[in-house]
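Colleague: I am new to this structure and would like to learn how to read it. Please take me through a few features in turn.

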Amino acid sequence: MSVATIGPESVPRAPGAVPLLGHAWKLWRDPLGFLKALRESGDIVRISLGTMPVYVVTSSELVHEVTVRQARSFEKGRLFDRLRPLAGNGLATAGGEEHRRHRRLIQPLFHPQRIQLYASVMSDNAQALADSWTPGQEVEMEQAMAGYAVETLAKSLFSTDIGLPAVEAVRENLPVVLKNMLIRAASPKFLDRLPVRANRDFDAAAARLRRVIDEVVATTRRSGATGHNDLLSVLLAARDAETGEALTDTEVRDELSTILFAGAETTASTLAWTFHELARHPEVERQLVDEIHEVVGDRPVAVEDVPRLVAVRRVLDEVIRLHGVTMLMRRATAPVELGGHRFPEGTEVAFSLYAMHRDPALYPDPDRFDPDRWLPERREAIARQSYIPFGAGNRKCIGDAFVWTEATIALATILAKWRLRPVPGHTPREVASAVAHPDRVPMIVEPRTR
Ligand code: HEM
C-alpha cells in the first residue's frame with residue numbers, strides 16, 4: 001500500500017471533543033489557545049464541529065498545498081458558507097468560475113494607480129483624527145482605529161453623500177457581525193436555528209447592513225452618479241472583458257459588503273496593536289519617529305513615502321505576524337491528497353495563519369515582538385511560504401497594497417504628532433474574530449516633542 005492510499009481515518013484526532021458539540025466548545029472558549037495547540041497532534045489533525053469532521057493542517061508546507069499547489073481542488077467551505085448572510089456571494093465567498101469572473105472585475109479597483117487616489121482620503125482621515133485629540137486625552141485606540149478604518153474604506157467605496165447612510169450603518173453594525181462571526185462559524189449547524197443572542201444579533205446586523213447598502217446601490221444607479229472615482233462607481237460601470245456583462249445590483253452589494261467586512265476589522269486591529277507594541281518598546285518607537293521625520297518631515301504623508309518608511313513596514317510585518325487571521329477554511333471539490341492521506345470530495349479543511357505564524361519551528365521565540373526579524377538579512381532566513389499574512393494562491397487578499405498604504409499613512413501621521421502612553425492597569429487581551437484583535441487599548445495622548 002502506498003502512503004497516499006491511507007484514508008482520513010488514520011489522521012490523529014485532537015483531544016477534548018465532547019458529545020454533540022465536538023471541539024466547537026473549545027473553539028468558543030479559547031479559540032487561539034486551541035488552534036495553537038493543534039500542531040502538537042501533528043501536521044494534519046482531525047477535529048469535529050458538532051458531528052462534522054474538519055481536518056486542520058498545521059504546517060506551512062500543507063497550508064501551501066491547500067492554498068497554492070492544490071488550490072484548484074478546493075472551494076471556500078463552511079466558514080465562508082456561514083458568512084453568506086453578510087457577504088452573499090462576494091469575492092471572499094464565491095467559488096470556481098464565479099470567483100474568477102469577480103476577481104477579474106474587481107482587481108482593477110486595487111491597481112496601484114487607484115491606491116494613489118485612495119491615499120489622499122487615507123491621509124486626510126488620519127490627519128483629521130490626529131487633529132481631533134487634545135493633550136492628556138484618554139483614547140480607546142481600538143475604537144479610534146476602527147473608526148479610521150471604516151471611514152477610510154467607506155469614503156473610498158462611496159465618495160458622494162448618497163453613501164452616507166451606508167457609512168453610518170457600517171459603523172454601527174459591522175462590529176456586531178464580527179463579534180459573533182467566529183462563534184457562528186465554529187458552531188454545529190443546528191445551533192443556527194436556536195434563538196440565542198449571538199444568532200439574533202448576527203442576523204439582524206447583517207440584514208440591516210444589506211438593506212442600507214442595497215438602497216445606496218439602487219439610488220446611485222438611478223441617479224446616474226457613477227462618474228466618480230469611488231469603488232461603487234467603478235463596480236457599477238465594470239464590464240467583463242470576456243463576456244461584456246455588468247454586475248447586477250445584488251452582486252455589487254455583495255462585493256461592497258465583502259470589502260467592508262474583509263477590510264475594516266483587520267486594519268483596525270493591526271493599527272491598535274501597533275500603538276500598543278510601540279508604547280512597550282520605546283526604542284522601536286524612537287526609530288520610527290526618526291524615520292518618519294527624515295522621510296516625511298513636516299508635510300502630510302504622501303503615497304510616495306510609503307515604500308521609503310522601511311522601519312514602519314518591519315513593525316507592521318511583526319504585528320500582523322503576531323495577531324493575524326485566526327482561522328480559514330476550504331472544502332475539497334475533488335479527491336485530494338494531503339500529508340500522505342487521501343481525502344474524498346467534500347472534505348472540510350481548515351488552517352490558522354495566527355497559529356502558523358507563532359510556530360517555534362518557523363520563528364525563534366515566536367511570541368516575542370521583534371521587528372528586527374524583518375531586517376533584510378534575517379528576513380531571507382524565513383521561507384516565503386511561512387509568512388503569508390494575506391494568504392496565498394488564487395484567494396490571496398486583494399486589499400494587501402491598500403492596507404499597507406492605509407496603515408503606514410495612519411501611523412506616520414499620528415506618530416509625528418503624538419506620543420501614546422498606555423493607561424496604567426490595563427493589558428490588552430487577544431479576542432478571536434476574523435483576526436486576533438485586542439479587547440481594549442486605552443492610551444493617553446501626549447504632544448510629541450523632538
Ligand atoms: C491587515 C489587514 C488584512 C489582512 C491581515 C487580510 C488578510 C486576508 C487573508 C488571509 C485573505 C485570504 C483568505 C483565504 O485564503 O481564505 C484575505 C482575503 C481577502 N481580503 Fe484581506 N486582509 C486585510 C485587509 C483587507 C482590506 C483592507 C481589504 C479591502 C479593502 C481586503 C479584502 C479582501 C478580500 C475581498 C478577500 C477575498 C479575496 C478572494 O477570495 O479572492 N482585505 N484577506
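Modeller: Start with burial. A residue is buried if 20 or more other C-beta atoms lie within 10 Å of its own, exposed if 12 or fewer, and partly exposed in between, with C-beta atoms placed from the backbone. Helices are DSSP runs of H or I of at least four residues, strands are runs of E of at least two, and both are numbered from the N terminus. This is a predicted model: local features need pLDDT of at least 70, side-chain atom pairs count only at pLDDT 80 or more, and totals for chains, interfaces and linings use all residues. Residues are numbered from 1 along each chain as its sequence is written.

Colleague: Is Asp317 buried or partly exposed?

Modeller: Asp317 has 18 C-beta neighbours inside 10 Å, so it counts as partly exposed. Asp317 lies in helix 14, residues 310-322.

Colleague: What should I look for in the length of a helix?

Modeller: The expected span is 1.5 Å times one less than the number of residues. Helix 7 (residues 112-132) has 21 residues and reaches 30 Å from its first C-alpha to its last, close to the 30 Å expected.

Colleague: Where does helix 7 bend?

Modeller: A bend at a residue is the angle between axes fitted to the seven residues ending there and the seven starting there. Helix 7 bends by about 30 degrees at Tyr118. Tyr118 is also one of the buried residues of helix 7, among them Ile115, Ala119 and Met122.

Colleague: What do the buried residues of helix 7 pack against?

Modeller: Contact means that the C-beta atoms of two residues, placed from the backbone, lie within 7 Å. The buried residues of helix 7 pack against helix 8 (141-157) and helix 17.

Colleague: Which residues come nearest to the ligand?

Modeller: A residue is near a molecule if its C-beta atom, placed from the backbone, lies within 6 Å of it. Of the 25 residues around the ligand, Gly263, Thr266, Gly391, Cys397 and Gly399 come nearest. Helix 12 (249-280) and helix 17 (400-417) are the elements that give two or more residues to this shell. Helix 12 gives the most, with 7 residues.
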